[in-house]
Number of protein chains: 2
Amino acid sequence: MNQEEYDVNKFERPSVTVDLVVFSIINDNLKILLIKRKEWPFKGKLALPGGFIKMDETLEEAAERELREETGLKNQYLEQLYTFGDVKRDPRTRVITISYLALINSENITLKAGTDAESVNWFDVKNIDNLAFDHNMIINYALERLRTKISYSNIVFGLLPELFTLTEVQKAYEIILDKELDKRNFRKKLNSLNIIEKTNLTRKDGLHRPATLYRLFNKEFELKIFK
Amino acid sequence: MNQEEYDVNKFERPSVTVDLVVFSIINDNLKILLIKRKEWPFKGKLALPGGFIKMDETLEEAAERELREETGLKNQYLEQLYTFGDVKRDPRTRVITISYLALINSENITLKAGTDAESVNWFDVKNIDNLAFDHNMIINYALERLRTKISYSNIVFGLLPELFTLTEVQKAYEIILDKELDKRNFRKKLNSLNIIEKTNLTRKDGLHRPATLYRLFNKEFELKIFK
DNA sequence: TGAATAGTGTCTTTCAGACAATATGCC
DNA sequence: GGCATATTGTCTGAAAGACACTATTCA
(Lines give C-alpha, C1' and ligand atoms only; values in the text may rest on other atoms or scores of the structure.)
Protein backbone atom coordinates (compact mmCIF):
# COMPACT_ATOMS: atom_id res chain seq x y z
CA MET A 1 0.00 0.00 0.00
CA ASN A 2 1.22 3.49 -0.71
CA GLN A 3 -0.06 6.98 -0.23
CA GLU A 4 -2.31 6.89 -3.30
CA GLU A 5 -4.04 3.71 -2.28
CA TYR A 6 -4.66 4.70 1.31
CA ASP A 7 -8.34 5.29 1.96
CA VAL A 8 -9.02 7.43 4.99
CA ASN A 9 -12.59 6.24 5.06
CA LYS A 10 -11.80 2.57 5.30
CA PHE A 11 -12.47 2.50 9.04
CA GLU A 12 -15.52 3.77 10.81
CA ARG A 13 -14.47 6.56 13.10
CA PRO A 14 -15.62 7.69 16.53
CA SER A 15 -16.26 11.30 17.42
CA VAL A 16 -13.73 12.95 19.70
CA THR A 17 -14.37 15.66 22.25
CA VAL A 18 -12.50 17.42 25.02
CA ASP A 19 -14.11 17.98 28.40
CA LEU A 20 -12.84 20.41 30.98
CA VAL A 21 -12.79 20.10 34.74
CA VAL A 22 -12.22 23.70 35.79
CA PHE A 23 -11.52 24.21 39.46
CA SER A 24 -11.49 27.44 41.41
CA ILE A 25 -11.66 28.41 45.05
CA ILE A 26 -14.56 30.72 45.83
CA ASN A 27 -15.64 31.74 49.31
CA ASP A 28 -13.43 29.13 50.88
CA ASN A 29 -14.90 26.31 48.84
CA LEU A 30 -13.58 24.28 45.98
CA LYS A 31 -15.81 24.95 43.01
CA ILE A 32 -16.16 23.43 39.60
CA LEU A 33 -17.50 24.97 36.42
CA LEU A 34 -20.59 23.27 35.02
CA ILE A 35 -22.94 24.10 32.19
CA LYS A 36 -26.59 23.32 31.88
CA ARG A 37 -27.21 21.50 28.62
CA LYS A 38 -29.55 23.11 26.11
CA GLU A 39 -29.97 20.17 23.74
CA TRP A 40 -30.51 16.45 23.59
CA PRO A 41 -28.97 14.32 25.01
CA PHE A 42 -29.24 15.12 28.71
CA LYS A 43 -31.10 18.35 27.98
CA GLY A 44 -31.39 20.38 31.16
CA LYS A 45 -28.76 18.37 32.99
CA LEU A 46 -25.51 19.71 34.32
CA ALA A 47 -22.35 18.71 32.48
CA LEU A 48 -18.71 19.60 32.10
CA PRO A 49 -17.93 22.27 29.53
CA GLY A 50 -16.45 20.73 26.41
CA GLY A 51 -16.98 20.09 22.76
CA PHE A 52 -15.86 18.44 19.57
CA ILE A 53 -12.29 18.72 18.45
CA LYS A 54 -11.72 20.60 15.24
CA MET A 55 -9.64 18.95 12.58
CA ASP A 56 -7.03 21.69 12.56
CA GLU A 57 -6.43 22.11 16.29
CA THR A 58 -4.43 20.01 18.71
CA LEU A 59 -6.05 18.51 21.79
CA GLU A 60 -4.56 21.16 24.02
CA GLU A 61 -5.68 23.92 21.68
CA ALA A 62 -9.19 22.52 21.80
CA ALA A 63 -9.10 22.54 25.59
CA GLU A 64 -7.73 26.09 25.63
CA ARG A 65 -10.43 27.19 23.24
CA GLU A 66 -13.17 25.70 25.38
CA LEU A 67 -11.75 27.34 28.48
CA ARG A 68 -11.55 30.68 26.72
CA GLU A 69 -15.09 30.37 25.41
CA GLU A 70 -16.51 29.83 28.87
CA THR A 71 -14.31 32.05 31.00
CA GLY A 72 -12.46 34.39 28.65
CA LEU A 73 -9.20 33.19 30.20
CA LYS A 74 -6.05 31.99 28.54
CA ASN A 75 -2.66 30.86 29.79
CA GLN A 76 -4.15 29.14 32.79
CA TYR A 77 -2.85 25.95 34.27
CA LEU A 78 -4.13 23.21 32.00
CA GLU A 79 -3.23 19.55 32.15
CA GLN A 80 -4.48 16.52 30.26
CA LEU A 81 -6.17 14.12 32.64
CA TYR A 82 -7.40 10.93 31.10
CA THR A 83 -9.26 9.70 28.05
CA PHE A 84 -12.64 8.10 28.54
CA GLY A 85 -13.94 5.89 25.78
CA ASP A 86 -16.61 3.49 26.94
CA VAL A 87 -18.70 2.37 24.03
CA LYS A 88 -22.03 3.62 25.31
CA ARG A 89 -20.94 6.72 27.21
CA ASP A 90 -22.75 9.01 24.77
CA PRO A 91 -26.18 8.06 23.39
CA ARG A 92 -25.61 9.91 20.10
CA THR A 93 -22.77 7.87 18.73
CA ARG A 94 -19.38 6.56 19.78
CA VAL A 95 -17.70 9.48 21.47
CA ILE A 96 -14.26 9.40 22.99
CA THR A 97 -13.44 12.30 25.27
CA ILE A 98 -10.09 13.59 26.40
CA SER A 99 -10.50 15.28 29.75
CA TYR A 100 -8.46 18.22 30.94
CA LEU A 101 -7.92 19.74 34.36
CA ALA A 102 -7.81 23.54 34.54
CA LEU A 103 -7.10 25.69 37.56
CA ILE A 104 -8.15 29.30 37.65
CA ASN A 105 -8.35 32.19 40.02
CA SER A 106 -11.89 33.28 39.54
CA GLU A 107 -11.60 36.86 40.76
CA ASN A 108 -12.94 39.26 38.17
CA ILE A 109 -14.03 36.54 35.79
CA THR A 110 -17.28 36.77 33.91
CA LEU A 111 -18.70 33.47 32.81
CA LYS A 112 -20.44 33.18 29.46
CA ALA A 113 -22.34 30.14 28.36
CA GLY A 114 -21.22 28.51 25.12
CA THR A 115 -23.60 27.79 22.26
CA ASP A 116 -24.68 24.40 23.51
CA ALA A 117 -25.31 25.61 27.05
CA GLU A 118 -28.24 27.30 28.68
CA SER A 119 -26.02 28.63 31.49
CA VAL A 120 -22.63 28.27 33.13
CA ASN A 121 -22.03 28.41 36.86
CA TRP A 122 -19.79 27.45 39.70
CA PHE A 123 -20.83 24.48 41.82
CA ASP A 124 -19.44 23.25 45.08
CA VAL A 125 -17.59 19.98 44.51
CA LYS A 126 -19.12 18.56 47.66
CA ASN A 127 -22.51 19.08 46.21
CA ILE A 128 -22.49 17.54 42.78
CA ASP A 129 -24.64 14.67 41.71
CA ASN A 130 -26.03 13.06 38.63
CA LEU A 131 -24.31 14.88 35.83
CA ALA A 132 -24.75 14.14 32.13
CA PHE A 133 -22.72 11.37 30.46
CA ASP A 134 -19.95 9.88 32.62
CA HIS A 135 -19.00 13.29 33.92
CA ASN A 136 -19.26 12.31 37.57
CA MET A 137 -16.50 9.80 36.95
CA ILE A 138 -14.39 12.40 35.21
CA ILE A 139 -14.78 14.80 38.11
CA ASN A 140 -13.80 12.12 40.60
CA TYR A 141 -10.74 11.39 38.56
CA ALA A 142 -9.88 15.09 38.42
CA LEU A 143 -10.35 15.52 42.15
CA GLU A 144 -8.05 12.65 42.89
CA ARG A 145 -5.43 14.06 40.54
CA LEU A 146 -5.73 17.50 42.10
CA ARG A 147 -5.41 16.14 45.62
CA THR A 148 -2.46 13.97 44.77
CA LYS A 149 -0.63 16.47 42.66
CA ILE A 150 -0.97 19.37 45.05
CA SER A 151 1.28 17.41 47.40
CA TYR A 152 4.25 17.18 45.11
CA SER A 153 3.97 20.16 42.79
CA ASN A 154 3.25 23.85 42.86
CA ILE A 155 -0.05 23.71 40.97
CA VAL A 156 -1.86 25.24 43.92
CA PHE A 157 -0.69 28.63 42.70
CA GLY A 158 -2.87 28.16 39.64
CA LEU A 159 -5.78 28.79 41.99
CA LEU A 160 -4.33 31.90 43.61
CA PRO A 161 -3.92 35.48 42.42
CA GLU A 162 -0.50 36.77 41.47
CA LEU A 163 0.02 38.24 44.94
CA PHE A 164 -1.06 36.13 47.86
CA THR A 165 -0.56 35.72 51.59
CA LEU A 166 0.80 32.62 53.25
CA THR A 167 -2.51 32.15 54.96
CA GLU A 168 -4.22 32.05 51.58
CA VAL A 169 -1.88 29.34 50.35
CA GLN A 170 -2.47 27.31 53.46
CA LYS A 171 -6.20 27.74 53.17
CA ALA A 172 -6.11 26.50 49.57
CA TYR A 173 -4.37 23.33 50.73
CA GLU A 174 -6.83 22.89 53.57
CA ILE A 175 -9.81 23.28 51.26
CA ILE A 176 -8.51 20.86 48.66
CA LEU A 177 -7.24 18.24 51.09
CA ASP A 178 -10.20 18.82 53.37
CA LYS A 179 -8.13 18.84 56.52
CA GLU A 180 -6.50 21.37 58.78
CA LEU A 181 -2.79 21.96 58.62
CA ASP A 182 -0.44 23.28 61.24
CA LYS A 183 0.50 26.85 60.49
CA ARG A 184 4.10 26.65 61.67
CA ASN A 185 4.86 23.39 59.92
CA PHE A 186 3.19 24.59 56.75
CA ARG A 187 5.22 27.78 56.60
CA LYS A 188 8.43 26.01 57.45
CA LYS A 189 7.90 23.66 54.52
CA LEU A 190 6.77 26.34 52.10
CA ASN A 191 9.77 28.46 52.91
CA SER A 192 12.18 25.60 52.51
CA LEU A 193 11.04 25.11 48.91
CA ASN A 194 12.34 28.42 47.65
CA ILE A 195 9.54 28.94 45.19
CA ILE A 196 7.94 32.11 46.52
CA GLU A 197 9.35 35.49 47.48
CA LYS A 198 8.23 38.24 49.79
CA THR A 199 7.07 41.52 48.29
CA ASN A 200 7.11 44.69 50.34
CA LEU A 201 3.36 44.89 50.04
CA THR A 202 0.84 43.84 52.62
CA ARG A 203 -2.84 43.05 52.57
CA LYS A 204 -4.90 44.93 55.13
CA ASP A 205 -7.88 42.83 55.83
CA GLY A 206 -9.68 44.06 58.93
CA LEU A 207 -8.77 45.18 62.37
CA HIS A 208 -5.58 43.24 62.79
CA ARG A 209 -2.02 42.95 61.66
CA PRO A 210 -1.77 42.98 57.83
CA ALA A 211 -0.22 39.99 56.10
CA THR A 212 2.81 40.16 53.86
CA LEU A 213 2.07 39.51 50.21
CA TYR A 214 4.18 36.96 48.34
CA ARG A 215 4.60 36.06 44.70
CA LEU A 216 5.85 33.04 42.81
CA PHE A 217 9.50 33.23 41.80
CA ASN A 218 8.82 31.56 38.56
CA LYS A 219 5.50 31.16 36.90
CA GLU A 220 6.35 27.83 35.38
CA PHE A 221 4.23 25.17 36.95
CA GLU A 222 5.54 21.91 38.21
CA LEU A 223 9.15 22.90 38.07
CA LYS A 224 9.57 22.50 41.76
CA ILE A 225 8.78 19.45 43.72
CA PHE A 226 6.55 20.33 46.59
CA LYS A 227 7.07 17.14 48.44
CA MET B 1 -32.68 19.44 18.79
CA ASN B 2 -33.75 15.96 19.71
CA GLN B 3 -32.65 12.46 19.01
CA GLU B 4 -34.28 12.31 15.60
CA GLU B 5 -32.66 15.47 14.37
CA TYR B 6 -29.18 14.63 15.56
CA ASP B 7 -26.84 13.92 12.68
CA VAL B 8 -23.78 11.92 13.65
CA ASN B 9 -22.07 12.95 10.45
CA LYS B 10 -22.36 16.66 11.04
CA PHE B 11 -18.77 16.93 12.24
CA GLU B 12 -15.72 15.67 10.45
CA ARG B 13 -14.08 13.04 12.63
CA PRO B 14 -10.49 12.07 13.31
CA SER B 15 -9.30 8.49 13.36
CA VAL B 16 -8.44 7.06 16.76
CA THR B 17 -5.79 4.48 17.54
CA VAL B 18 -4.19 2.94 20.59
CA ASP B 19 -0.44 2.53 20.81
CA LEU B 20 1.32 0.29 23.28
CA VAL B 21 4.57 0.82 25.10
CA VAL B 22 5.37 -2.69 26.27
CA PHE B 23 8.30 -2.98 28.64
CA SER B 24 10.11 -6.06 29.76
CA ILE B 25 13.44 -6.82 31.37
CA ILE B 26 15.59 -9.16 29.33
CA ASN B 27 19.20 -9.99 30.06
CA ASP B 28 19.45 -7.25 32.63
CA ASN B 29 18.24 -4.58 30.21
CA LEU B 30 15.01 -2.69 29.93
CA LYS B 31 13.49 -3.61 26.59
CA ILE B 32 10.59 -2.32 24.60
CA LEU B 33 8.48 -4.08 22.01
CA LEU B 34 8.65 -2.56 18.51
CA ILE B 35 7.32 -3.62 15.16
CA LYS B 36 8.76 -2.97 11.76
CA ARG B 37 6.12 -1.35 9.58
CA LYS B 38 5.06 -3.19 6.43
CA GLU B 39 3.07 -0.40 4.79
CA TRP B 40 3.08 3.28 4.03
CA PRO B 41 3.51 5.54 5.94
CA PHE B 42 6.92 4.95 7.49
CA LYS B 43 7.27 1.64 5.69
CA GLY B 44 10.29 -0.23 7.04
CA LYS B 45 10.58 1.97 10.13
CA LEU B 46 10.25 0.83 13.69
CA ALA B 47 7.09 1.80 15.53
CA LEU B 48 5.06 0.98 18.60
CA PRO B 49 2.53 -1.79 18.22
CA GLY B 50 -0.97 -0.40 17.96
CA GLY B 51 -3.96 0.00 15.75
CA PHE B 52 -7.35 1.50 15.12
CA ILE B 53 -10.01 1.27 17.75
CA LYS B 54 -13.05 -0.78 16.83
CA MET B 55 -16.43 0.81 17.31
CA ASP B 56 -17.60 -1.84 19.75
CA GLU B 57 -14.59 -2.04 22.07
CA THR B 58 -13.48 0.25 24.86
CA LEU B 59 -10.06 1.86 24.80
CA GLU B 60 -8.72 -0.61 27.30
CA GLU B 61 -10.16 -3.52 25.36
CA ALA B 62 -8.43 -2.24 22.25
CA ALA B 63 -5.14 -2.03 24.13
CA GLU B 64 -5.63 -5.53 25.55
CA ARG B 65 -6.39 -6.86 22.09
CA GLU B 66 -3.27 -5.33 20.61
CA LEU B 67 -1.15 -6.74 23.42
CA ARG B 68 -2.68 -10.16 22.93
CA GLU B 69 -2.14 -10.04 19.19
CA GLU B 70 1.55 -9.34 19.53
CA THR B 71 2.46 -11.36 22.61
CA GLY B 72 -0.39 -13.76 23.24
CA LEU B 73 -0.63 -12.41 26.78
CA LYS B 74 -3.63 -11.22 28.71
CA ASN B 75 -4.19 -9.93 32.22
CA GLN B 76 -0.91 -8.09 32.23
CA TYR B 77 -0.33 -4.78 33.92
CA LEU B 78 -1.83 -2.20 31.58
CA GLU B 79 -2.27 1.49 32.24
CA GLN B 80 -3.44 4.37 30.09
CA LEU B 81 -0.62 6.86 29.61
CA TYR B 82 -1.50 9.93 27.62
CA THR B 83 -3.33 10.92 24.48
CA PHE B 84 -1.36 12.43 21.63
CA GLY B 85 -3.22 14.46 19.07
CA ASP B 86 -1.02 16.81 17.14
CA VAL B 87 -2.62 17.69 13.85
CA LYS B 88 0.14 16.40 11.61
CA ARG B 89 1.39 13.48 13.62
CA ASP B 90 0.18 10.99 11.01
CA PRO B 91 0.55 11.76 7.29
CA ARG B 92 -2.54 9.73 6.34
CA THR B 93 -5.18 11.77 8.07
CA ARG B 94 -5.90 13.25 11.47
CA VAL B 95 -5.11 10.48 13.92
CA ILE B 96 -5.41 10.77 17.67
CA THR B 97 -3.71 8.03 19.62
CA ILE B 98 -4.26 6.91 23.17
CA SER B 99 -1.06 5.40 24.48
CA TYR B 100 -0.89 2.59 27.01
CA LEU B 101 1.92 1.30 29.17
CA ALA B 102 2.16 -2.47 29.55
CA LEU B 103 4.58 -4.44 31.71
CA ILE B 104 5.28 -8.07 31.02
CA ASN B 105 7.59 -10.82 32.09
CA SER B 106 8.90 -12.02 28.80
CA GLU B 107 9.98 -15.52 29.82
CA ASN B 108 8.42 -18.11 27.54
CA ILE B 109 6.72 -15.54 25.34
CA THR B 110 6.62 -15.98 21.61
CA LEU B 111 6.20 -12.78 19.67
CA LYS B 112 4.07 -12.74 16.55
CA ALA B 113 3.89 -9.84 14.18
CA GLY B 114 0.44 -8.36 13.57
CA THR B 115 -0.98 -7.89 10.09
CA ASP B 116 0.52 -4.45 9.54
CA ALA B 117 3.98 -5.48 10.73
CA GLU B 118 6.85 -7.17 9.01
CA SER B 119 8.33 -8.25 12.36
CA VAL B 120 8.16 -7.69 16.09
CA ASN B 121 11.15 -7.60 18.40
CA TRP B 122 12.55 -6.43 21.67
CA PHE B 123 14.79 -3.36 21.60
CA ASP B 124 16.96 -1.91 24.29
CA VAL B 125 15.44 1.39 25.49
CA LYS B 126 18.88 2.94 25.56
CA ASN B 127 19.26 2.25 21.92
CA ILE B 128 16.16 3.58 20.23
CA ASP B 129 16.13 6.32 17.68
CA ASN B 130 14.03 7.67 14.91
CA LEU B 131 10.81 5.75 15.20
CA ALA B 132 7.77 6.26 13.02
CA PHE B 133 5.23 8.98 13.86
CA ASP B 134 5.78 10.68 17.24
CA HIS B 135 6.58 7.38 18.87
CA ASN B 136 9.87 8.56 20.33
CA MET B 137 7.92 11.11 22.34
CA ILE B 138 5.48 8.47 23.51
CA ILE B 139 8.31 6.25 24.66
CA ASN B 140 9.93 9.09 26.56
CA TYR B 141 6.65 9.79 28.26
CA ALA B 142 6.25 6.11 29.14
CA LEU B 143 9.77 5.87 30.51
CA GLU B 144 9.21 8.85 32.75
CA ARG B 145 5.94 7.38 34.01
CA LEU B 146 7.59 4.03 34.67
CA ARG B 147 10.49 5.59 36.55
CA THR B 148 8.23 7.78 38.62
CA LYS B 149 5.61 5.21 39.36
CA ILE B 150 7.98 2.44 40.33
CA SER B 151 8.89 4.58 43.34
CA TYR B 152 5.45 4.75 44.86
CA SER B 153 3.68 1.64 43.66
CA ASN B 154 4.24 -2.05 43.23
CA ILE B 155 4.13 -2.11 39.43
CA VAL B 156 7.65 -3.51 39.32
CA PHE B 157 6.16 -6.94 39.93
CA GLY B 158 4.49 -6.69 36.54
CA LEU B 159 7.96 -7.25 35.11
CA LEU B 160 8.82 -10.22 37.30
CA PRO B 161 7.73 -13.85 37.27
CA GLU B 162 5.33 -15.14 39.88
CA LEU B 163 8.18 -16.40 42.04
CA PHE B 164 11.18 -14.13 42.34
CA THR B 165 14.19 -13.49 44.53
CA LEU B 166 14.86 -10.28 46.39
CA THR B 167 17.94 -9.76 44.28
CA GLU B 168 15.78 -9.88 41.16
CA VAL B 169 13.46 -7.23 42.53
CA GLN B 170 16.40 -5.01 43.40
CA LYS B 171 17.94 -5.55 40.00
CA ALA B 172 14.70 -4.51 38.30
CA TYR B 173 14.76 -1.24 40.25
CA GLU B 174 18.38 -0.69 39.41
CA ILE B 175 17.82 -1.29 35.71
CA ILE B 176 14.81 1.00 35.50
CA LEU B 177 16.21 3.78 37.66
CA ASP B 178 19.67 3.30 36.18
CA LYS B 179 21.42 3.50 39.52
CA GLU B 180 22.72 1.16 42.15
CA LEU B 181 20.82 0.62 45.36
CA ASP B 182 22.06 -0.51 48.75
CA LYS B 183 21.12 -4.12 49.34
CA ARG B 184 20.44 -3.79 53.06
CA ASN B 185 18.37 -0.64 52.76
CA PHE B 186 16.45 -2.04 49.84
CA ARG B 187 15.50 -5.21 51.67
CA LYS B 188 14.64 -3.36 54.84
CA LYS B 189 12.21 -1.18 52.89
CA LEU B 190 10.73 -3.99 50.84
CA ASN B 191 10.12 -6.04 53.96
CA SER B 192 8.48 -3.16 55.78
CA LEU B 193 5.86 -2.87 53.04
CA ASN B 194 4.27 -6.24 53.71
CA ILE B 195 3.47 -6.95 50.10
CA ILE B 196 5.54 -10.03 49.49
CA GLU B 197 5.88 -13.34 51.31
CA LYS B 198 8.57 -15.98 51.54
CA THR B 199 7.95 -19.35 49.97
CA ASN B 200 9.90 -22.39 51.08
CA LEU B 201 11.42 -22.68 47.64
CA THR B 202 14.84 -21.53 46.59
CA ARG B 203 16.50 -20.80 43.29
CA LYS B 204 19.80 -22.53 42.72
CA ASP B 205 21.69 -20.40 40.34
CA GLY B 206 25.32 -21.44 40.19
CA LEU B 207 28.04 -22.26 42.65
CA HIS B 208 26.80 -20.31 45.60
CA ARG B 209 24.12 -20.08 48.21
CA PRO B 210 20.63 -20.36 46.67
CA ALA B 211 18.20 -17.48 47.11
CA THR B 212 14.81 -17.73 48.74
CA LEU B 213 11.90 -17.30 46.36
CA TYR B 214 9.15 -14.84 47.25
CA ARG B 215 5.73 -14.15 45.84
CA LEU B 216 3.34 -11.21 45.92
CA PHE B 217 0.72 -11.38 48.65
CA ASN B 218 -1.86 -9.85 46.48
CA LYS B 219 -1.76 -9.58 42.75
CA GLU B 220 -3.67 -6.33 42.63
CA PHE B 221 -1.38 -3.66 41.39
CA GLU B 222 -1.02 -0.27 42.97
CA LEU B 223 -2.77 -1.16 46.16
CA LYS B 224 0.28 -0.53 48.21
CA ILE B 225 2.31 2.58 48.28
CA PHE B 226 5.90 1.76 47.67
CA LYS B 227 7.23 5.12 48.72
C1' DT C 1 38.11 -24.94 51.11
C1' DG C 2 37.47 -21.43 47.95
C1' DA C 3 34.21 -19.06 45.00
C1' DA C 4 30.09 -16.61 44.62
C1' DT C 5 25.94 -14.76 45.97
C1' DA C 6 22.46 -14.59 50.03
C1' DG C 7 21.35 -12.50 54.05
C1' DT C 8 21.56 -9.34 58.03
C1' DG C 9 21.99 -4.57 61.93
C1' DT C 10 23.68 -0.07 63.59
C1' DC C 11 24.47 4.65 63.40
C1' DT C 12 23.59 9.20 61.48
C1' DT C 13 20.94 12.50 59.22
C1' DT C 14 16.80 14.34 57.51
C1' DC C 15 12.12 15.36 57.55
C1' DA C 16 7.36 15.23 59.24
C1' DG C 17 4.47 16.28 63.01
C1' DA C 18 3.12 17.99 67.69
C1' DC C 19 2.94 22.04 70.13
C1' DA C 20 2.24 27.97 72.12
C1' DA C 21 3.93 32.44 72.69
C1' DT C 22 5.03 37.04 70.75
C1' DA C 23 4.36 40.76 67.06
C1' DT C 24 1.84 44.10 64.63
C1' DG C 25 -1.60 47.11 62.79
C1' DC C 26 -6.08 48.98 63.42
C1' DC C 27 -9.81 50.81 65.85
C1' DG D 1 -5.20 49.26 75.20
C1' DG D 2 -7.84 45.59 73.23
C1' DC D 3 -8.83 42.86 69.20
C1' DA D 4 -7.69 39.86 65.47
C1' DT D 5 -4.65 37.74 62.62
C1' DA D 6 0.52 37.36 61.43
C1' DT D 7 4.68 35.49 62.53
C1' DT D 8 8.11 32.50 64.60
C1' DG D 9 11.24 27.82 66.98
C1' DT D 10 11.90 23.51 69.59
C1' DC D 11 11.37 18.83 70.52
C1' DT D 12 10.27 14.13 69.24
C1' DG D 13 9.63 10.14 66.38
C1' DA D 14 10.01 7.93 61.90
C1' DA D 15 12.17 6.95 57.87
C1' DA D 16 16.06 7.38 54.53
C1' DG D 17 20.80 6.69 53.72
C1' DA D 18 25.66 5.30 54.70
C1' DC D 19 28.20 1.45 55.77
C1' DA D 20 30.63 -4.30 56.24
C1' DC D 21 30.51 -8.64 57.87
C1' DT D 22 28.66 -13.52 58.27
C1' DA D 23 26.02 -17.54 56.07
C1' DT D 24 25.29 -21.00 52.79
C1' DT D 25 25.68 -23.87 48.88
C1' DC D 26 28.33 -26.10 45.41
C1' DA D 27 32.25 -27.44 42.73
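Is Lys36(A) buried, partly exposed or exposed? Lys36(A) is partly exposed, with a relative accessible area of 30%; buried means under 20%, exposed over 50%, and partly exposed in between, using a 1.4 Å probe and protein chains only.

This is a predicted model, so local features need pLDDT of at least 70 and side-chain atom pairs count only at pLDDT 80 or more, while totals for chains, interfaces and linings use all residues. Residues are numbered from 1 along each chain as its sequence is written, chains are lettered from A and ligands numbered from 1 in the order in which they are written, and side-chain values use heavy atoms, with hydrogens and water left out.

**Around Lys36(A)**

Lys36(A) sits in strand β2 (residues 29-37) of chain A. Helices (H or I, at least four residues) and strands (E, at least two) are DSSP runs, numbered from the N terminus. Skip the neighbours within four places in sequence, and Lys36(A) is in contact with Gly44(A), Lys45(A), Leu46(A), Asp116(A), Ala117(A), Glu118(A) and Ser119(A). Contact here means heavy atoms within 4.5 Å. As for Glu174(A), 138 residues away along the chain, its C-alpha atom is separated from that of Lys36(A) by 29 Å.

**Chain A overall**

Chain A has four helices and nine strands, running β-β-β-β-α-β-β-β-α-α-α-β-β along the sequence. Its C-alpha trace spans about 70 × 45 × 30 Å along the principal axes. Of its 227 residues, 51% count as buried. Take the contacts between residues at least 6 apart in sequence, and 67% of them join residues at least 24 apart. The chain exposes about 11,900 Å², with carbon and sulfur atoms supplying 44% of that; accessible areas come from the Shrake-Rupley method with a 1.4 Å probe, and for residues only the protein chains shown count as cover.

Helix α4 (residues 183-192) of chain A has Asp182(A) capping its N-terminal end, where a side-chain oxygen lies 3.0 Å from the backbone nitrogen of Arg184(A). Just after α4(A), Asn194(A) takes a positive phi of about 55°.

**Charges and salt bridges**

Chain A carries 36 positive and 35 negative side chains, and the centres of the two sets lie 7 Å apart. Lys and Arg count as positive, Asp and Glu as negative, with His and the chain ends not counted; the place of a charge is NZ of Lys, CZ of Arg, CG of Asp or CD of Glu.

Side chains of opposite charge can pair when their charged atoms come close.

| Salt bridge | N to O distance |
|---|---|
| Glu79(A) and Arg145(A) | 2.5 Å |
| Lys149(A) and Glu79(A) | 3.1 Å |
| Glu168(B) and Arg203(B) | 2.5 Å |

Glu79(A) in strand β5 (residues 77-84) and Arg145(A) in helix α2 (residues 135-149) of chain A are 66 residues apart, so that pair links distant parts of the chain. Both Glu79(A) and Arg145(A) are buried. Lys149(A), also in helix α2 of chain A, is 70 residues from Glu79(A), and Lys149(A) is buried too.

In chain B, Glu168(B) belongs to helix α3 (residues 166-177) and Arg203(B) to strand β8 (residues 196-203), 35 residues apart. Glu168(B) is partly exposed at 24% relative accessible area, and Arg203(B) is partly exposed at 28%. Back in chain A, salt bridges that share partners join Glu57(A), Arg65(A), Glu66(A) and Glu69(A) into one network.

Conventions: A polar contact is a pair of N or O atoms within 3.5 Å; within protein, one must be able to donate a hydrogen and the other to accept it, and residues adjacent in sequence count only if both atoms are side-chain atoms. A salt bridge is a side-chain nitrogen of Lys or Arg within 4 Å of a carboxyl oxygen of Asp or Glu.
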